[in-house]
Structure formats: C-alpha cells, structure tokens
Amino acid sequence: MEAAGDAVFRLNAGGSVVYASQRAAELIGDVGTSGRHLADLVDQADRPAVEALIAQASAASMPSKSNVRILTASGPIWIELQISAFTAANGETELLAVGRDISSQQATEERLRHMATHDALTGLPNRSLLSDRIRMAIAQARRTGRGFSVLALDLDGFKKVNDALGHPVGDALLRVAAMRLSETLRNADTLARVGGDEFVAVLPGAVTETEIQTIARRMISTMQLPFDIQGHILYVGTSIGAAVFPDHGDSEVKLLAHADTAMYRAKETGKARCVVYSHQKFTQPEHDVSMEAAMFQAVRDGEFLLHYQPIVDARTRQIVGFEALMRWGRAEQGMVSPSQFIPMAESNGLINLLGAWALKSACVQIKRFEEVAGRPLYVSVNVSPRQFRNDKFLDVVDEAIRLSGLNGQQLLLEITEGILMSDPEHAESLLNAMATRNVRIAIDDFGTGYSSLAYLKRFPIATLKIDRAFIKDLPASVKDVAICNVVLSLANHLNLTTVAEGVENEEQLKFLAAHGCGMIQGYLTGRPLLPEHAIEILNSGRPVAQHAVAMK
C-alpha cells in the first residue's frame with residue numbers, strides 16, 4: 001500500500017476508511033480507522049463521483065477511475081483515483097482506493113486552455129473566447145428579450161508610440177491600457193483584445209445610447225490620462241464604435257462589422273469619441289462576399305459592358321466625343337449600381353482587369369463611331385487610383401492605342417485630384433509619359449477634391465470637368481454662377497478645355513455656352529447609351545439636343 005500511489009486507502013464495502021497509507025496521512029492528516037467515508041475527504045463537487053466509483057467497484061470486478069480533488073491542509077489537489085474490489089482474508093469484500101497526484105498535469109492543462117482562449121500579452125479574452133461570449137449573449141438576449149451592445153475600440157496615436165519607441169514600450173502600454181479599460185467595466189461585461197491596439201467590449205443589458213455613452217465616456221476618460229511607461233510619459237486616446245443587438249445586427253459578424261464601421265466614423269470625425277451605429281446615417285453598402293464572388297464569375301461570363309454618354313460642343317451641339325461608362329448586368333438581378341461594384345473592384349484588385357478591358361474596348365468602339373459619323377471623335381475613359389498606381393498601366397494604354405489605331409489625342413483619361421496629390425512624383429512621371437504619346441488628361445469632378453491649384457501648373461493637364469454639384473442649380477444660384485465663372489476663366493487663361501457634367505436643361509446649356517464652356521455632358525444631350533443606340537444618334541445627323549428631345 002505504501003508503494004502503490006501518492007494516497008492509498010483500504011475501504012470497507014460501504015466506502016469507509018479502514019486503513020490509510022503513511023503518504024495519505026501526511027497529505028490529508030491522520031484518518032486511520034476513524035471510519036470516515038472516502039467521499040468526505042474530497043471536494044464537495046466531486047463527492048457524487050466518488051460515491052459512483054465505490055458503487056461501480058463493488059458491483060463489478062473491473063476497477064473504476066476518475067479525477068477528483070482531495071482536500072489537504074494546503075487546499076484541494078487533483079488526484080487520479082482508482083477503486084477496485086478484493087476479498088479479504090476473512091472472506092469479506094473490501095475496496096482498495098489508489099490516488100495519484102496529477103495536480104501538475106491539471107495545472108498544465110489549465111494553462112493551455114487559458115492560452116487558447118486568452119491574449120498572451122494582456123491576459124484578456126482573445127477573439128475565440130469573444131466569439132463564444134457574443135454567442136452566449138445572443139442566446140441570453142433571445143431568451144430574456146433584453147439586448148446587449150458590442151463596442152469596438154481602437155487606440156488613437158498608438159502607432160506613433162510603437163514606431164518611435166519600439167514594440168517593448170508599445171506592449172507595456174497595451175498591458176496598462178487593458179487594465180484601465182477593464183476597471184471601467186462591470187463584472188458582467190467582457191473586454192477582449194482582438195489584435196494590435198484593437199479591443200472589443202460586450203455589454204449585456206446596455207442598449208440605449210445613454211447607457212452606452214456613459215460606459216464609453218469612462219473608457220475614453222481613463223485612456224486620456226498620461227501613461228508612464230519605462231520613463232516615458234505618453235498620451236494616447238481611444239475611439240469607440242457601438243452596435244446594439246438586435247437593432248444593428250442579429251449575428252456576431254454583423255454586430256462586429258457595424259461596431260467597426262461606427263468606430264472608424266468616430267476616428268474620421270474627431271477621435272476620442274463614441275459613435276453608435278445607425279442604419280439611417282451609415283448608408284455605405286455592406287461588403288457583400290457573395291457579390292464579390294459574382295463579380296469574378298461575371299468577368300468569365302461577359303456580364304460587364306460599356307455604355308457611352310455623348311459629349312457635345314456647347315455652341316454647335318454636335319457630338320465631339322463619348323465618355324465610356326462601365327455597367328454590370330447580372331443575369332437574374334438586373335443592373336448593379338456602379339457605386340456598389342466599382343469600390344469593391346478597387347478593393348479586391350479586379351479593377352485592373354476591368355479597367356484594361358474597358359480602355360481597350362472603348363478605343364476600338366470609338367473608331368466604329370467615327371466611321372458612322374464621318375468625322376474625328378474622342379473617347380473619355382475613367383482611371384481608378386489602383387489602375388493609376390499599377391506598374392503596367394502605361395503598357396495597357398499603349399496596347400489600347402495599338403489595337404484601335406487611335407491617335408493619342410483622341411484618348412482622354414479622366415483622373416481625380418486625389419490621385420494626383422496622393423503621390424505627386426509618380427503622377428508627374430506617368431503623366432509626362434502620357435504627354436509624349438499625345439494622350440490627354442482630364443481632371444474629373446474638378447473643384448470637389450483638393451483645394452490646391454498648384455498641380456495645374458505642375459502636371460500636363462488638358463481638360464477640366466466641372467462637377468455636377470456646381471451645375472445643377474444654374475443659373476439661379478449666385479454662388480454656383482460665381483464658381484463656374486472662376487473655373488471657366490481659369491481654364492481659358494491656362495488654355496485648358498472644359499466639360500460641364502450633369503447638364504439637364506436648356507437654361508444650364510445656354511448659360512454655360514454664353515460663359516465660354518467648351519463642351520457639355522448630361523441627360524439634356526444624352527443618357528449613357530449602348531453602342532447601337534449611340535450609332536443611331538450619329539446616323540441621324542441632327543444636333544444632339546434636338547435628337548434627345550425627339551427620343552423623349
């Protein structure tokens with residue numbers, strides 16, 4: 001018995017201790033032949049398991065085994081307890097209980113479980129445990145009818161600390177930040193670190209904006225206090241976004257996505273504040289994974305097509321060119337808005353493939369339009385930021401010109417002010433290369449981006465497209481009249497051509513023509529058209545505004 005295990009007991013058939021080994025006595029105290037039941041020597045939660053082991057061992061010849069916590073002077077420790085029956089010298093059935101200390105093994109397993117569900121740096125729940133907590137909160141909310149909120153937090157200014165002082169200081173700051181944020185929450189709340197300087201809090205029962213903002217203000221306030229980290233006094237803040245179940249989402253994915261969206265809005269609008277998600281205020285379409293997959297399939301199935309909107313001489317009302325506009329006609333759902341699929345294509349990189357196809361197709365199509373019209377025309381094609389930054393973009397332009405046989409001057413590439421100013425050196429190099437090919441550059445939506453006019457001097461710009469925002473209230477709006485006159489005068493002095501977008505009535509057209517605008521584009525002179533409909537207009541030979549009226 002002394003050699004059999006860490007704690008060995010001889011029991012009678014009822015489970016009371018007849019004899020305990022010396023090691024057992026040292027471990028838990030001298031029980032001797034006191035007649036105490038073995039179940040009385042273990043943690044109360046484990047007593048039913050011990051009683052079941054005794055019953056099983058008495059009823060069967062096979063040993064029974066279970067892990068239980070035995071009570072000792074220093075506290076409970078885990079043992080693996082095995083009980084087997086035997087026949088004593090007097091012929092009576094007795095039991096032998098052998099316990100093996102597995103406390104180290106249990107501690108290791110507990111550490112591994114903790115590591116799997118908690119962040120190693122801060123000790124907070126990680127994304128895995130957060131996911132479990134949110135699912136539990138959803139189930140609880142559905143049972144009780146009482147919702148909860150999810151808060152997404154991001155530290156403001158943390159990257160500067162990391163870049164300037166290194167990761168050890170950044171890690172120390174994160175540990176302190178996690179501790180401070182935890183102290184602002186209630187016992188029922190969960191705070192998790194989901195990566196970098198990003199945290200997520202789950203607040204059961206907090207559903208009104210007042211309740212959410214009260215907790216958020218505590219979190220923001222505690223983060224605004226100085227951090228004394230390794231001799232450095234540091235200041236960071238936090239921006240918070242909140243989403244409420246079930247108002248803003250009925251699943252973990254939607255709640256986290258909407259809280260994230262609200263958090264980025266908080267950053268964009270001043271930082272160190274909390275924004276609660278709202279379906280009315282946040283009108284950006286959700287990133288639809290199924291639609292993204294459909295886009296790639298649409299390329300293979302040829303569902304993308306180009307429409308062509310006439311660009312008209314403001315005085316003669318004769319078509320001088322077309323703007324190529326990409327459209328997506330899904331087989332069953334119909335037309336998809338460009339405002340939905342263009343940003344998605346820009347995000348996933350598909351815009352490079354689609355943009356190259358659009359550029360080549362538009363150049364080839366304009367040659368066909370020229371054959372019908374019997375005069376030179378030009379085509380205007382939009383260029384996205386990702387296309388403009390692509391190393392192969394110049395090769396795509398060369399290929400489009402070679403395939404179509406166009407003169408470089410017949411191709412007008414539309415870019416935004418933001419593209420130019422995001423990387424001026426790259427823009428200057430690329431635009432100068434375009435100029436050597438006689439390809440012209442237009443600034444799209446002029447006046448709505450950067451206020452600097454320096455790029456008009458620096459870059460080889462040929463055309464300004466006046467945004468529809470300045471056209472729609474002409475000629476009644478005094479401010480729009482003043483802005484248009486300034487833009488037209490500026491273009492005239494810099495020898496730039498102008499195109500007014502969004503012209504929808506005769507008054508706008510007459511005003512623009514009278515004030516020196518060279519070309520117009522809008523529903524008055526033609527909506528975006530399929531190639532065959534554009535050919536009909538070119539075949540008619542009439543001024544395009546009259547033809548548009550006739551078509552109506």
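In which sense do strand 1 and strand 2 pair, and over how many bridges?

**View 1. The hairpin of strand 1 and strand 2 in a predicted model.** The pairing is antiparallel and runs over three bridges. Strand 1 covers residues 7-11, and strand 2 covers residues 17-20. Phe9 has Ala20 in strand 2 as its bridge partner. Five residues lie between the two strands of this hairpin. Gly15 sits in the turn, with a positive phi of about 100°.

**View 2. The aromatic pair of Phe322 and Phe369.** The structure holds six aromatic pairs. In the pair shown here, the ring centres of Phe322 and Phe369 are 4.8 Å apart. Their planes meet at 45°, so the pair counts as tilted. Phe322 belongs to strand 14 (residues 319-330). Phe369 belongs to helix 11 (residues 350-373).

**View 3. An aromatic cluster.** Three residues make up this one cluster: Phe304, Trp328 and Phe341.

**View 4. Arg440 over Tyr378.** Arg440 lies over the face of the Tyr378 ring. The distance to the ring centre is 4.8 Å.

**View 5. Arg527 over Tyr523.** Here the charged end of Arg527 sits over the ring of Tyr523. The distance to the centre of the Tyr523 ring is 3.9 Å.

Key:
Residues are numbered from 1 along each chain as its sequence is written. This is a predicted model: local features need pLDDT of at least 70, side-chain atom pairs count only at pLDDT 80 or more; totals for chains, interfaces and linings use all residues. Side-chain values use heavy atoms; hydrogens and water are left out. Rings of Phe, Tyr and Trp (its six-membered ring) pair if their centres lie within 6.5 Å; planes under 30 degrees apart count as stacked, over 60 as edge-to-face and the rest as tilted. Helices (H or I, at least four residues) and strands (E, at least two) are DSSP runs, numbered from the N terminus. A charge sits over a ring if NZ of Lys or CZ of Arg is within 6 Å of the ring centre and within 35 degrees of the ring normal. Two strands pair if DSSP finds at least two bridges between them.
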